[in-house]
Amino acid sequence: MKVKSFLVRIFYSFPIQLFLLHFRKYQVLLVFWAILFSTINGEFAKVFGGDALYLAPEYLGKVNFYSTSILGLATGLFAMSWNITTFILHTGRFKFLATTSQPFFKYCLNNSIVPIAFMVNLLFRGWEYQRYQQLSSVPEILLLTEGFICGYLFIVFFSFFYFFNADKNIGRRLEKKFGNPRNFLRLVLKPTQEKDENALPVHNYFNSPWKIRRARNVDHYNKHYLDSILKQHHFAAMITVGCALIFLMILAFLMDYPVFRIPAGASVMIFFAFLIGVAGAYAYLLQSWAIPMVLIMLVGLNWLVEHDLLDNRNKAYGLNYGERKQRPEYSVTALQQFFTAERAERDKEQTLKILENWKAKYKGPGKPKMIILNFSGGGLRAATWSMNVLQRLDVLMKGQLMNNTFLMTGASGGMMGASYFRELYREKQLGRPVNVQDSGYTERISRDLLNCVFTSMAVNDFITPFRSFKIGNNRYAKDRGFAFEMQLNTNTNNVLAGTIGDYREPEQQAKIPMLIWNATINADGRRLIISPQPVSYLCAPDYSPHVRSVRDVDGVDFSQYFANQGAQNLRITSAIRMCATFPYVLPNVFLPSQPIVDVMDAGIRDNFGQESAMRFLHTFRDWVNENTDGIVFIQVRDTRKNDIKSIKQSMKLNDMMLDPLFTMQAHWSAMQDFVQDNELAYLEGYFPGKFHRVIFQYVPQKEDKVAALSWHLTSREKIDIAGALDNPTNQASFDSVMNTLGRPLLAEGNQ
């Protein structure tokens with residue numbers, strides 16, 4: 001009997017009843033906790049490095065006491081927002097709180113099961129992550145932990161101080177309302193005849209962290225009086241929701257200054273805190289009208305977007321989106337009429353001049369070998385791997401890599417590293433003190449880009465979507481795309497802050513290799529080909545006019561098709577972003593066509609960046625065979641080629657339901673590999689004995705420790721990527737390149 005009585009007391013204790021109530025009512029509020037638990041445990045958004053936002057929060061480029069303190073502050077805000085919201089929604093079921101002093105404090109104390117579980121989980125996972133991923137020492141981890149706890153406790157103490165004062169103000173208002181104590185007691189102790197159907201039984205509760213008290217019976221109190229007490233506290237609680245909104249708006253307006261770019265994990269926490277507060281206030285005020293009003297607002301929002309009254313679409317920075325009448329028509333017929341065989345022939349002549357200028361640089365005996373570089377997508381992992389490979393090749397070639405490369409192309413993150421390396425080479429040519437082989441540049445390109453994206457998503461995209469900026473007479477939205485480019489420029493010391501038009505003349509003179517960015521047009525899957533040079537010969541297969549009169553255009557030459565919109569003024573960082581727009585992480589870029597089309601990641605069409613290079617070589621096959629000693633076709637990829645993932649030995653129910661939906665996505669890269677290998681086999685036939693393919697691939701030292709496909713890399717991941725240069729397969733590839741090039745180096749005579 002004693003055991004049964006003890007279990008009954010536990011079951012009907014306030015903490016347990018509250019915990020169970022969260023699962024019975026307003027379960028949507030638990031979704032936020034579920035997302036956070038799943039993220040820090042490496043289940044949700046792991047592939048994007050979501051856990052790093054909370055386990056290694058960066059502030060001003062560093063993970064330190066200040067960054068974890070800010071995360072602690074944000075976590076405290078989220079926990080208190082959850083407490084405030086559920087306090088508003090649930091306290092009507094626990095009327096005994098109205099008879100206690102500091103009811104909000106009592107509520108929070110008894111509502112601590114979920115927040116404490118999250119705190120313990122976060123600190124434990126943070127310790128593991130810092131120790132084995134960030135390679136931090138024990139004293140450093142303890143300092144980070146101290147920062148987080150201090151930030152969290154500051155918010156908790158501040159919140160309780162606010163509500164303690166609210167308690168005093170509520171007491172004063174009640175004294176003024178009821179007058180003398182006799183009237184007050186007459187009303188309070190007059191039982192209400194109607195039964196409170198929402199009330200839940202509670203036997204005991206925590207009165208303080210170390211003291212349990214029996215819950216008071218409130219049947220002899222007037223129900224309306226108790227409701228008025230709780231409503232006063234609800235009003236005080238809703239004030240904090242308004243304060244959170246004001247704080248987020250201020251943060252959005254100050255994001256241009258680095259000191260106000262708080263860790264992304266903290267921004268997400270604050271945004272979640274705001275959403276919970278708004279959801280609670282909305283449900284509390286509208287009651288049964290909550291769902292109908294949501295539907296009305298969604299219909300209204302859809303109408304505004306559909307009629308262009310609310311247009312927050314991301315645009316390519318530098319392009320002119322003005323006069324609609326001047327926009328090029330986007331249709332099959334219009335593309336065929338624009339990208340004609342005659343235009344392709346004119347563009348070939350332009351590129352042949354560049355090829356001749358490239359050939360003229362060679363002063364050695366015989367003919368030069370042409371290097372073609374292709375880069376795979378893969379976020380910051382691919383960007384860092386590309387820089388590592390390019391620097392090692394440049395060392396082996398005694399600084400002549402770029403001088404002997406004619407074309408660079410690819411997808412996503414790999415093109416970020418390629419663009420940065422080529423720009424550093426151009427800076428050196430202009431007489432600036434740049435050593436392209438300096439590992440400091442690899443460290444720069446590997447710096448975090450995820451924090452700025454998620455911070456902007458939380459405070460700009462959702463809270464202040466109306467903010468914008470201008471370039472000349474053109475206005476663009478200040479969203480996560482803007483934040484990404486701004487941070488990329490900061491990380492690379494603004495060397496990529498120019499326009500693609502800046503490269504037009506250096507490429508024509510063959511001072512730097514031609515570089516082509518690619519993106520995928522969502523409307524039909526065509527490639528958007530971005531180059532300062534006219535390259536319409538890449539927009540359709542090379543048909544013989546005797547075989548087919550109509551060209552099947554499968555690509556769009558950006559510079560020519562959008563010439564009237566100032567295509568040459570496109571920012572370099574925008575070209576990189578259009579090439580690397582992973583779904584949802586970065587916003588799709590809309591183009592000034594009629595009708596408007598949007599583009600995203602090049603990897604959707606070609607994640608290894610080889611299609612453009614293969615079509616280029618096929619187009620100029622006669623010139624290449626006549627004027628070169630062969631092609632060194634180098635692929636730099638951030639994944640293992642022909643890799644087979646572990647095959648499941650047994651199927652679960654969810655596997656049977658979901659695998660058919662995601663099979664294509666899971667094997668997308670492998671299928672592209674098979675198709676492109678087949679195309680390369682045909683291409684080699686046009687260059688008998690002169691086509692040399694070399695592959696550099698990032699293979700992690702430990703199979704289960706592969707660097708995340710993300711815009712954030714840990715210290716261990718950066719070391720692992722650099723270490724992959726020395727694995728036997730890549731060493732053999734370096735030897736193959738040097739043996740193929742032979743001695744002397746291609747352009748040694750032009751040093």
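Predicted model: local features only at pLDDT ≥ 70, side-chain atom pairs only at ≥ 80, totals over all residues.
At what angle do the axes of helix α5 and helix α6 cross?

**View 1. The crossing of helices α5 and α6.** Helix α5 covers residues 65–90 and helix α6 covers residues 103–110. Their axes cross at roughly 110° and come within 10 Å. Angles of 65 to 115 degrees count as roughly perpendicular, and α5 and α6 are therefore roughly perpendicular to each other. The crossing is right-handed. On the α5 side, the contact is made by M80, N83, I84, T86, F87 and H90. On the α6 side, P103, F104, Y107 and C108 take part. Sorted by class, the residues in this contact are seven nonpolar and three polar, with no charged residues.

**View 2. Transmembrane regions from the UniProt record.** The unreviewed UniProt entry places the feature "transmembrane region" at residues 30–49, 69–92, 104–124, 144–164, 235–254, 260–282 and 289–305.

View 3. A search of the whole structure finds 16 salt bridges. R577 lies in helix α23 (residues 572–579), while E485 belongs to helix α20 (residues 480–491), so the pair ties together parts that are 92 residues apart in sequence.

View 4. Most peptide bonds are trans. The bond from Q594 to P595 is cis, and its omega is near 0°. P595 lies in a loop, with β11 (589–591) on one side and β12 (597–600) on the other.

**View 5. The backbone at K398.** Most residues other than glycine have a negative phi. K398 is not a glycine, yet its phi is positive, at about 55°. The loop that holds K398 runs between α15 (379–396) and α16 (401–404).

How values were computed. Residues numbered from 1 in each chain as written. Heavy atoms only, no water. UniProt positions renumbered as here; feature names shortened; annotations may be inferred. Axes fitted to C-alpha atoms, helices over the stretch in contact; angles between N-to-C directions. Helix = DSSP H or I, 4+ residues; strand = E, 2+ residues; numbered from the N terminus. Parallel < 35°, antiparallel > 145°, perpendicular 65-115°, else oblique. Left-handed = near helix turned anticlockwise from the far one by under 90°. Contact = heavy atoms within 4.5 Å. Nonpolar A, V, L, I, M, F, W, Y, C, P; charged D, E, K, R; others polar. Salt bridge = Lys/Arg side-chain N within 4 Å of Asp/Glu carboxyl O.
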